[in-house]
Amino acid sequence: DDDLVLDDLKGDLPEHACSYCGIHNPACVVKCQTCLKWFCNARGSTSGSHIVNHLVRSKHKQVVLHQESPLGETQPECYNCGSKNVFILGFIPAKSDTVVVLLCRQPCAAMTGTRDIVWDTSQWSPLIQDRSFLTWLVKVPSESEQLRARQISYHQINRLEDLWKENKSATLQDLDRPGVDEEPQPILLRYEDAYQYQNIFGPLVKIEADYDKRLKESQSQPDLVVRWDIGLNQKRVAWFAMPKLESGEVKLAVGDELRLSYRGDRQWSGIGHVVKIPNNVSDEIALELRRQDAVPIDMTHGFEADFVWKSTSYDRMQLAMKTFAVDEQSVSGYIYHKLLGHELEPQVVRTQMPKKFSAPFLPELNHSQMYAVKSVLQKPLSLIQGPPGTGKTVTSASIVYHLSKMNPGQVLVCAPSNVAVDQLCEKIHLTGLKTVRLTAKSRETVESPITFLTLHEQVTNSTHHIELQKLILLKNEQGELSSSDERKFKTLTRACEKEILNAADVICCTCVGAGDPRLSKLKFRTVLVDEATQAAEPECTIPLIMGCKQAVLVGDHQQLGPVIMNKKAARAGLTQSLFERLVMLGNRPIRLQVQYRMHPCLSEFPSNMFYEGTLQNGVTAPERLRKNVDFPWPIPDTPMFFYQNLGQEEISSSGTSFLNRTEASNCEKIVTKFFKAGVVPAQIGIVTPYEGQRSYIVNYMQFNGALKKELYNQVEVASVDAFQGREKDYIILSCVRSNEHQGIGFLSDPRRLNVAMTRAKFGSVILGNPKILSKHPLWHHLLTHFKEKKTLVEGPLNNLQESMIRFNKPRQPLN
Amino acid sequence: DDVVLRESERGREKEEIPPEEEDEFNRELAKMATDNSEAKKVDKRALFDLSLPAKKKTEEEGGSGDPSQMKFTVLTKKGAKQQTRTVEVPSESPLAVNSRTNALQDQHE
Ligand SMILES: [Zn+2]
Ligand SMILES: [Zn+2]
Ligand SMILES: [Zn+2]
């Protein structure tokens, strides 16, 4: 029998052999239309059949059936709309005949409804069921066929899929080649020197960069319909919707570059940067084109967009680590050793302390904020932990004010996100300090409340250079300058920028922005990084290696950390922030302890669970109760409840998604109740960890909302991650997960739970299945908390009753 | 050849799939099934106009005789043209069971 196996595998397999296991029975295989590889419908060591496993792992969605299949060589598609995504296709039978037709679940199968006399849409059954193709369409290879096939392990399949992302024609044999698919060296707690530091972080940043590049460049979007417009700066702007973006496959940010191409009678392509991304109001993207000539503005159809990947941020991280290693002047000796985790005698900065720790035009500081400001000013390196709603921004701004007054040179203020930089920048400006906000060139046209503080706006408004002003006016009128004028314009701009930067007290930019060439000549002895727990360590290093002698990192390691896309890099530790490592090394963060956001009943659990019970309330219960809002809180003075929903989650193999219809429908009921009580849409936020549920709730409220549609689409429905750093008056959390056997996924991350629990000011409702969630120790605690408060309830919204459900025992004790 | 030997050593022993990876897989699978419905411009009437294909007599009568299978006609499109194909569906599949139930109901009505 062994010989048989050998023969079969030695010999050349036909083209249609399964790329995992080699099975090549024509009745059992399907071709992936994206990568043109064949796969069989057997499960082997994976939980889905080989073809389904491949499609999910590689995010491919279209297939072609084998010529000898019952349907012949065809690509399954929706009879009505032509959608070819096999994950949403299913058969609908006729009501009175043995005829079936293939329709997509949404919108086509959902649309026909009860009015249809021919088709029985209630009987829609998916093409992919229980993670394999319908077996009457694609047969499952027999047991003996499977035994004779190549025995590929689950692990090998994963590695092979990873390998295909780099090399499309890789085979199983390639996995054994040396150097292929090695795990990178993991991060350390302490480093001997900056060379070792660079040697470990350098490869991780590269892996992440390569992954990002591949992902972005593989996302090309055909068949776009473009609407043309002209911006205020006379530049051409293309408006279009990008369906891939909405499906969550690609993330797009303002400033990203796209290449727009036209493939019609004439060929054209042009690069532009995104000036607007989809929001609640419109799904469209606005792309401002770099060059204005030969743009096919008379055309609307047949455009295609591709990402132009830029390595800038990764290059800057690499450069920062190199500078840290080779340039002794990059940081003070003390900071150098601190960053590497070496033991050091505590050092005190000799300085004249201010009499008053609050800053002008900012709110008075409370005790713990004042303590934080005071201790930061005397230490060369400090960490401030700001739990939700504790006035992190005001504290940071006050610190920056004093640091600026006490030290020579400019203070550099950074955060990983533009939003955070803008918020802090605005507060710092209030204190009267000369503040400059440096943005990337590609973000210059983005409107923000602090546009007047941006470097380019300050250049435009500068009265020092009459000639530059003239050229700017000319450029705005004509769109372009003659080449000699352009040269003059550039020189003058640079001189003016330099002047403004040199005169500034504070320069604010993102961590990556600190690597901007316009700052390369400047030294920053004093640096503050806000949201430092959301930056990957190499990102946080960028602002620190510009001559730093005193550093302040502000963040909260009990909330979500940096997002790392590549799994290898994440596993190796790139998800850990510098802040977190410094905490692990024994540097105690100073914690802000008074929260001003949540009704005291809402802060109790997070305080006990995540902050050792130290969180105090700066707001009183009466201040956070709205008497005129008539809402059925089970305990009137306690605006919170856990709403027991036993509805099943739908696992996507049923063709639907990770969603929970019961929770979605209850979400709508709660929102409607809030509306009727006078709460406006902007005050409500719906948080859910799953994209499937997010889009389901949005659609559900649109079609089933009891009140006017416009009200519902103004309610923000977003992931936990998207709500980090923000607040709403009322929050509804839809947990979704409700199954007996699988985990609770996303929800098991304590930091995500913390963020989800701390967004609401006036009240919050959690929708979930207590039976299932209680298996997880953290959720067991949460549920017990609600139960003790008599706020674990069930029944209709207008007649909520205490739930008597018995919790499951948590699987493992919480430590 | 080495590869083959090493692999047959492994045998078919089932590996445990780590639960967090299983969960990740489910999440990815869920994402695949989220398709933006608004992005598609769909003609609503077209679907109501979708009538049953006229059946050829021979097809209807020519049952395979295999009681474990039931014949269905799949309606597909090639360009703008309607096409049909006959497939055999296991009698226990929901599709077949449901169709038989409907047929019985019709007889009683
Ligand atoms: Zn593929
Ligand atoms: Zn296979
Ligand atoms: Zn469709």
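What pLDDT does chain B average, and what percentage of the residues score at least 70? Chain B averages 66, and 51% of the residues reach at least 70; pLDDT is the predictor's confidence in each residue, from 0 to 100.

This is a predicted model, in which local features need pLDDT of at least 70 and side-chain atom pairs count only at pLDDT 80 or more, while totals for chains, interfaces and linings use all residues. Residues are numbered from 1 along each chain as its sequence is written, chains are lettered from A and ligands numbered from 1 in the order in which they are written, and side-chain values use heavy atoms, with hydrogens and water left out.

**Stop 1: zinc ion (ligand 3)**

Select the zinc ion (ligand 3) and show its protein donors: the SG atoms of A:Cys78, A:Cys81, A:Cys104 and A:Cys108, at 2.2 to 2.4 Å. Donors are N, O and S atoms within 2.8 Å of the metal (3.2 Å for Na, K and Ca); water is not among the atoms, so sites may look incomplete. The angles among the 4 donor atoms run from 103 to 120°, and the site is tetrahedral (four donors, all angles between 85 and 135 degrees). For four tetrahedral donors the ideal angle is 109.5 degrees.

Along the sequence, the donor residues of ligand 3 follow the spacing C-x2-C-x22-C-x3-C. A:Cys78 sits in the loop between strand E3 (63–65) and strand E4 (89–93) of chain A, and A:Cys108, 30 residues apart from it, sits in helix H3 (residues 105–112) of chain A. Helices (H or I, at least four residues) and strands (E, at least two) are DSSP runs, numbered from the N terminus. A:Cys78 has a relative accessible area of 0% and is buried (under 20% relative accessible area, with a 1.4 Å probe and protein chains only). A:Cys108 is also buried, at 0%.

**Stop 2: zinc ion (ligand 1)**

Next select the zinc ion (ligand 1). Its protein donors are A:Cys32 (SG), A:Cys35 (SG), A:His54 (NE2) and A:His60 (ND1), at 2.0 to 2.3 Å. This site is tetrahedral, with angles of 101 to 121°, and the donor spacing reads C-x2-C-x18-H-x5-H. A:His54 is buried at 1% relative accessibility, and A:His60 is buried at 15%.

**Stop 3: chain B by confidence**

Colour chain B by pLDDT. Confidence is highest in strand E1 (residues 69–78), at a mean of 86, and lowest in helix H1 (residues 2–10), at 37. Select residues 1–14 of chain B: pLDDT stays under 50 there, and the model has 20 contacts beyond four places in sequence for them (contact means heavy atoms within 4.5 Å). Residues 57–62 of chain B also stay under 50, with 4 such contacts. Where pLDDT is low, the predicted coordinates should not be read in detail.

Definitions and conventions:
Tetrahedral: all angles 85-135°; square planar, octahedral: opposite > 155°, others 65-115°. Buried < 20%, exposed > 50% of the residue type's maximum accessible area, 1.4 Å probe, protein only.
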